Protein chains: 2
Amino acid sequence: MTDLLLRNVRPMGGPASDVLVRGGCIAPPGTDATGAAVEDGHGMLLLPGFVEGHTHLDKTVFHEPDWLVNEVGPRIIDKIDTEREWRARTRHDAGAASLAMARAFLAQGTTRIRSHVDVDTSGGTKHVEHVLATREAMRGLQDIQVVAFPQSGILGRQGTESLLDAALAMGADIVGGLDPCAIERDPVRHLNIVFGLAEKHHKPVDVHLHEQGSMGAFSLELILERTRALSMQGQVVVSHAFCLGDVTERERDVLLAQMAELGVAIATTAPASRPVPLVAPCRAAGVTIFGGNDGIRDTWTPYGSPDMLERAMLIGLRNNFRRDDEIALAFDCVSAAGAKGCGFADYGLHPGARADLVLVEARSLAEAVVVRPPRRMVVSGGRIVARDGVLLA
Amino acid sequence: MTDLLLRNVRPMGGPASDVLVRGGCIAPPGTDATGAAVEDGHGMLLLPGFVEGHTHLDKTVFHEPDWLVNEVGPRIIDKIDTEREWRARTRHDAGAASLAMARAFLAQGTTRIRSHVDVDTSGGTKHVEHVLATREAMRGLQDIQVVAFPQSGILGRQGTESLLDAALAMGADIVGGLDPCAIERDPVRHLNIVFGLAEKHHKPVDVHLHEQGSMGAFSLELILERTRALSMQGQVVVSHAFCLGDVTERERDVLLAQMAELGVAIATTAPASRPVPLVAPCRAAGVTIFGGNDGIRDTWTPYGSPDMLERAMLIGLRNNFRRDDEIALAFDCVSAAGAKGCGFADYGLHPGARADLVLVEARSLAEAVVVRPPRRMVVSGGRIVARDGVLLA
């Protein structure tokens, strides 16, 4: 692999410097750059490749020629049922969909993705198989984690547990779970299955927890108890965790203290329309909180974008982050905190980190977040993979 | 003025048709198009020019070469004081700022703007003079309403009332007001001055009401009492009206019923981080609710964009509008409802309406909102004024 010297770039908006990439990694300052290909950064901002910490690559219609008219009902169960029926009816191709979406993410600077992928008795494990194929296709360009996700629940549809087991055996990286009370109606049985599969396959857990208030807090406590009992410190993510946005601050802080102790992280999409865990109190408590789009243009929602700077902006808006130092926290949610929460290694701009890099024209990190300028260059593992938002061959 | 025939366009995402513009207005179907300049719309979506219902053209640093680092404190009064001192120190030029911002709005398809403009004992009426000059510069291309806005309050800074009076005499269109309890500390005196100026100058009122809960509801009641007493039906806007997002639904509906009866409209920025009046209950009650950015890249906030499709998206996200028919309501907030709430005449796509038009590549209205595609063409008063986001000479 050719070395790459980026001249006159401003890491994280700091002073201009040269950055050398050697063997796919960032070289220590002072390393001899002889023979390296040289790119003039023109004083652009240099950022680490972005991290999408919670999406659903398998569901999107992003790449499809027809607009999907959304007429879905207001409840979560409406969306679950509508989607499963739509998938069966249209034979939506999760392989083509996930590959198109992953490539769109890469073109916009995202080099690591955690994707939940539906496992249910209607589609079986085929969506997982398709996204595993996308993971292989993107290997060396983009890291994709696959969560075997029981979107339609485990308990109400016999055979789902075996399908999850099979999905994990074939290579899914993480065991998913879903609203143990509100959807599954039997939190102990649901979570025992989820954590049982994690123990069996030695894999981490990521539970969708939309439940609000005291019900959500109760489910969260059950998750924390099992994390402790199985010594799964640092191996559990709670996605959404809306309950942390609407219990009292005292109740929230008790939960956050336990999450910090157990290394349980939070994935947030920072939705504008409901209570959410706020970034500042989570960080103050020592809890890793990171960002994701959730679904992008699917039967659930037409919103979302493969641009993690836009997600950082939405996180900033949801948290009322106006100061430059606060907006840096929003960016952290789609970069270093995402890597930490998902367990992506060798992340960052320090010497030895994998050279996943993004160049944008911006005067400051805050401007990059609020303006979301075109990606002039994306580097993955030391190779230039996109220019001006377009993937190279 | 040359007539303009737009061939093969889809008004509001409906079936393809041809639209003829004659004498600056949309001609009735079947009008003879002989002699008209012809533009091929290639099946693009045709939308009415957008309406920015609440912004602050005078405050922005959008056009400035240096990034403004935001280090402001958390309270509204911190932002008010910081801004006034910054303006005095930097001699920020509200003329150049407002003109650059207005032009950026036009390039993105916005042909009507309501701008609040600061009047205070530090800057006097100079910001109003500057934005009135911008209004003149843009005449025939873009309608700009100027609100004489006491951003630093009236009661605590002697002389502000006379300055507002002078600003209205020199051509400001609307009397502004600000948090009668929380900032002004004497709601009756404040509102009597605001409505007194409105009565004297025969001009409408637009009050910034950030106050939440029962305090905000009380101030709103005082506004409604004065609207009724002065027979100012249809002449009053309450901006923000956060209180309508956190009183009980019963209390809210009592207030909305009175607002509907008095034709008092609501301007919302739909911020993600606080309670807001939701679009659906306002519309159900018969209250006009419309959208705006508030400030764009100023000392208050680095966020915002002269793209009203982005604001429509943020309104959609804040209101959890996912269905196509719901997203049409978000678009209405930056189009017809904005025109109605602000009193911009001859608005729309019907025959006889002023031909303010936007062409975008989108399969549906919902897609235009969630994707915010480039503006391929902007027409103002029947003339093509921008292509691909760039103003023509």
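Student: Into which domains is chain A divided?

Tutor: This is a predicted model. Chain A has a domain 1, made of residues 4–48 + 348–391, and a domain 2, covering 50–342.

Student: How many Å apart do the C-alpha centres of domain 1 of chain A and domain 2 of chain A lie?

Tutor: The two centres are 29 Å apart. For the interface itself, look at contacts: 23 residues of domain 1 of chain A are in contact with 22 residues of domain 2 of chain A.

Student: What area is buried between domain 1 of chain A and domain 2 of chain A?

Tutor: Buried area is what two parts lose in accessible area on being put together, summed over both. Here the value is about 1900 Å², and carbon and sulfur atoms give 65% of it. On the domain 1 side, A:Val369, A:Arg375 and A:Leu391 supply 29% of the area buried against domain 2, more than any other three residues.

Student: How many salt bridges does the rule find across this interface?

Tutor: A salt bridge pairs a side-chain nitrogen of Lys or Arg with a carboxyl oxygen of Asp or Glu within 4 Å. The rule finds 4 across the interface of domain 1 and domain 2 of chain A. As a worked case, the side chains of A:Asp356 and A:Arg112 form a salt bridge, with N to O at 3.5 Å.

Student: Which elements each supply at least two residues of the side of domain 1 that touches domain 2?

Tutor: In chain A they are strand E4 (37–48), helix H12 (365–371), strand E14 (375–380) and strand E15 (383–387). H12(A) gives the largest share, 5 residues. By class, this side of domain 1 has 15 nonpolar, 3 polar and 5 charged residues.

Note on methods. Residues are numbered from 1 along each chain as its sequence is written. Chains are lettered from A and ligands numbered from 1 in the order in which they are written. This is a predicted model: local features need pLDDT of at least 70, side-chain atom pairs count only at pLDDT 80 or more; totals for chains, interfaces and linings use all residues. Side-chain values use heavy atoms; hydrogens and water are left out. Domain bounds come from an automatic or database domain assignment. Contact means heavy atoms within 4.5 Å. Buried area is the accessible area (1.4 Å probe) that two parts lose on being put together, summed over both. Helices (H or I, at least four residues) and strands (E, at least two) are DSSP runs, numbered from the N terminus. Ala, Val, Leu, Ile, Met, Phe, Trp, Tyr, Cys and Pro count as nonpolar, Asp, Glu, Lys and Arg as charged, and the others, Gly among them, as polar.
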